[in-house]
Amino acid sequence: MFGPFRATSPLSGGLLWKIPWRLSRPQKARQRKRLRAVDTVVSVVDNALARAGLVTKAVERWKAEMPKEAEMVPKDKYTMFDRKEKRYRKGVHST
């Protein structure tokens, strides 16, 4: 407990500090694929509702406010807001 053999904090010795600050190419590709999958789901739901003659506020609001993957800037694709971070952004891979 005391001296040279005391237990270390899991935060300082674990995998937590080994996450790189930058996404690799395959990680970025997977993230873009996930974003495109979300766009596909929204369009499928919208088309199904349109065929049934229904309209929902949630889908209409999503289409009005949220950009598609191709329209997003890289900052928004690969980072997310976090008020505890120094510059209010953190990588999507370290969530």
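Surface patches are made here of residues with over 30% relative accessible area and no salt bridge, like charges being joined within 9 Å and nonpolar side chains (Val, Leu, Ile, Met, Phe, Trp, Tyr) within 5 Å. By that definition Val38, Trp62 and Met66 make a nonpolar surface patch of about 260 Å². The model is predicted, so local features need pLDDT of at least 70 and side-chain atom pairs count only at pLDDT 80 or more, while totals for chains, interfaces and linings use all residues. Residues are numbered from 1 along each chain as its sequence is written, and side-chain values use heavy atoms, with hydrogens and water left out.

**Overall chain**
- The chain has 4 helices and 2 strands, in the order α-α-α-α-β-β from the N terminus on; helices (H or I, at least four residues) and strands (E, at least two) are DSSP runs, numbered from the N terminus.
- The accessible surface comes to about 8,500 Å², of which 60% belongs to carbon and sulfur atoms, with areas taken from the Shrake-Rupley method with a 1.4 Å probe and, for residues, only the protein chains shown counting as cover.
- Of the 95 residues in the chain, 16% are buried (buried means under 20% relative accessible area, exposed over 50%, and partly exposed in between, with a 1.4 Å probe and protein chains only).

**Helix α2**
- Valine 38, one of the patch residues, is found in helix α2, residues 25-52, and is partly exposed, with a relative accessible area of 37%.
- Gln31, Leu35, Asp39, Val42, Asp46 and Leu49 are buried in α2, and the buried residues of this helix pack against α3 (57-65) and α4.
- An α-helix has 3.6 residues a turn, so residues three or four places apart point the same way.
- Glycine 53, whose phi is positive, near 80°, follows α2.

**Lysine 77**
- Lysine 77 lies in helix α4, residues 74-78, and counts as buried because its relative accessibility is 12%.
- Leaving aside residues up to four places away in sequence, lysine 77 touches Gln31, Arg32, Leu35, Glu69, Met72 and Val92, contact meaning heavy atoms within 4.5 Å.

**Aromatic pair**
- Rings of Phe, Tyr and Trp (its six-membered ring) pair if their centres lie within 6.5 Å, and planes under 30 degrees apart count as stacked, over 60 as edge-to-face and the rest as tilted; the count by this rule is 1 aromatic pair.
- The rings of phenylalanine 81 and tyrosine 88 are stacked, because their centres are 6.2 Å apart and their planes at 10°.
- Phenylalanine 81 counts as exposed at 58% relative accessibility, whereas tyrosine 88, at 47%, counts as partly exposed.

Key. Salt bridge = Lys/Arg side-chain N within 4 Å of Asp/Glu carboxyl O.
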